[in-house]
Amino acid sequence: MQTPMPAQSFDRKTGLAFIVAFGIVSLWADMAYEGMRAISGPYLGLLGASGAVVGIVAGGGEMAGYVLRLFTGRLAAQTGAYWTITLIGYAVQMAAVPLLAFAGNWQVAAALIVMERAGKAIRNPAAHTMMARAGEKIGQGWAFGLHEGLDQLGAMAGPLITAFVLWRHNDYREAFLWLSLPAALTIMSVTIVCLRFRYAGAIGAHGTAHGVIANYSRAFKLYLAAAALIGFGFADYPLIAFHFAKAGVVSDAAIPVLYAIAMAAAGAGSLIFGRWFDRAGLKVLIPGTLIGAVVAPLAFFGGPVMALFAALLWGTALGIHDAVMSAAVAGLVPEPMRARAYGVFPAVYGISWFLGSALMGWFYDFSLGALVALSGAASLLALVPLSLAIRAAKA
């Protein structure tokens with residue numbers, strides 16, 4: 001069990017400072033791994049992967065990462081080792097990014113993509129639980145929205161780096177090596193934040209806290225069902241990028257630029273909807289879900305102009321998911337159960353994302369119409385349990 005922390009806690013000033021500091025860590029991290037993810041689909045295709053493989057790898061990486069959070073969330077709750085687990089996760093994740101430069105085939109590249117997602121899974125439940133503590137002082141929606149906004153600045157810069165390298169050298173491996181710089185800055189900055197805010201992890205161990213779904217509220221369980229359908233219908237960017245490259249919708253160098261635009265939209269969406277969530281609650285996810293429902297037809301049926309709109313809406317929906325969904329968990333679950341909830345919730349979401357991504361990747365190889373119909377139907381169906389969750393949360 002982790003050594004007890006100093007008896008110190010957040011106030012509004014230190015809570016805001018912690019969120020900003022952690023946002024800077026995420027800025028560097030996203031610069032590294034989103035730069036990688038922006039070109040991972042075409043890179044897998046270059047190494048010989050099919051559309052089905054790209055869909056499975058993208059969704060499988062997400063699923064592996066999300067399911068792993070069941071165990072890392074439980075581990076954080078039982079041991080109280082929030083900072084130790086967070087630091088290990090960042091180290092694993094940041095190591096995977098530059099190693100892609102040395103992948104000799106798509107199988108090795110796929111393993112590294114999964115490794116990167118696993119690193120994020122190790123750190124996220126512990127990190128989100130610490131941020132939720134700070135969010136109690138400044139508003140959960142604002143805390144996660146502000147963090148996500150800073151996060152997306154890096155997510156926008158990383159793809160621009162890879163786009164510039166591809167434009168100048170047309171070399172994917174060199175692009176991955178350039179991303180080792182923000183990866184190193186991530187490790188340095190998270191270490192500094194850990195030393196400055198050691199008390200953020202002073203939550204203590206909750207070995208008897210329940211983590212099974214049955215022990216959560218009806219509102220949380222309905223919210224899980226809605227999130228599962230949203231994840232199932234949300235087309236992953238590697239598959240969208242694979243389509244852009246294969247169909248010649250835009251140039252290879254333009255694909256990460258579109259991803260950077262998507263990340264800018266995600267940052268704006270997280271800030272706007274995060275603040276809105278603090279005032280209006282779960283109902284802000286309704287327009288977010290509708291935005292996500294129109295991405296697939298724009299991405300897979302349109303030309304360059306529609307590709308731009310697809311990137312903007314995809315990023316906006318992603319920002320809403322990342323900020324509001326995390327903030328909502330903190331509002332629906334008491335603190336002793338949060339670390340596990342931040343494991344349960346992403347696991348359900350991630351398994352659904354994998355199943356949807358794999359099925360959409362399979363559909364891609366023979367029917368774009370079926371792919372688009374699947375995405376839209378799942379997104380719209382999610383409005384049913386979401387509406388019920390909103391009513392249950394009010395009650």
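Good morning. One point before we start: the model is predicted.

Let's begin with the salt bridges. How many salt bridges does the structure hold? Three.

Take Glu34 first. Glu34 forms a salt bridge with Arg37. The closest N and O atoms are 3.3 Å apart. Where do these two residues lie? Both are in helix 1, which covers residues 12-46. They sit three residues apart, about one turn of the helix.

Are they buried or exposed? Buried means under 20% relative accessible area. Glu34 comes out at 6%, so Glu34 counts as buried. Arg37 has a relative accessible area of 9%, so Arg37 is buried too.

Now stay with Arg37. Which other residue forms a salt bridge with Arg37? Asp236 does, and here the closest N and O atoms are 3.8 Å apart. This pair links distant parts of the chain. Arg37 is in helix 1, while Asp236 is in the loop between helix 8 (218-233) and helix 9 (237-246). The two residues are 199 residues apart. Asp236 is buried, as is Arg37.

Glu34, Arg37 and Asp236 are linked in a network of salt bridges.

Next, Glu116 and Arg117. Their side chains meet in a salt bridge, at 2.7 Å from N to O. Glu116 has a relative accessible area of 0%, so Glu116 is buried. Arg117 is at 5%, so Arg117 counts as buried as well.

On to helix 4. Helix 4 runs over residues 106-138, and Asn124 is found there. The side chain of Asn124 makes a polar contact with the side chain of Arg123, at 3.0 Å. Is Asn124 buried or exposed? Its relative accessible area is 6%, so Asn124 is buried.

Last topic: how helix 4 meets helix 5. Helix 5 covers residues 140-169. The axes of the two helices come within 7 Å and cross at roughly 125°. What do we call that arrangement? An angle of 65 to 115 degrees would be roughly perpendicular, and one over 145 roughly antiparallel. Helix 4 and helix 5 are therefore oblique to each other. Their crossing is right-handed.

Which residues make the contact? From helix 4, they are His128, Met131, Ala132, Gly135, Glu136 and Ile138. From helix 5, they are Gln140, Trp142, Ala143, Phe144 and His147.

That's my tour. Thank you.

Notes
Residues numbered from 1 in each chain as written. Predicted model: local features only at pLDDT ≥ 70, side-chain atom pairs only at ≥ 80, totals over all residues. Heavy atoms only, no water. Helix = DSSP H or I, 4+ residues; strand = E, 2+ residues; numbered from the N terminus. Buried < 20%, exposed > 50% of the residue type's maximum accessible area, 1.4 Å probe, protein only. Polar contact = N/O pair within 3.5 Å; in protein donor to acceptor, adjacent residues only side chain to side chain. Salt bridge = Lys/Arg side-chain N within 4 Å of Asp/Glu carboxyl O. Axes fitted to C-alpha atoms, helices over the stretch in contact; angles between N-to-C directions. Parallel < 35°, antiparallel > 145°, perpendicular 65-115°, else oblique. Left-handed = near helix turned anticlockwise from the far one by under 90°. Contact = heavy atoms within 4.5 Å.
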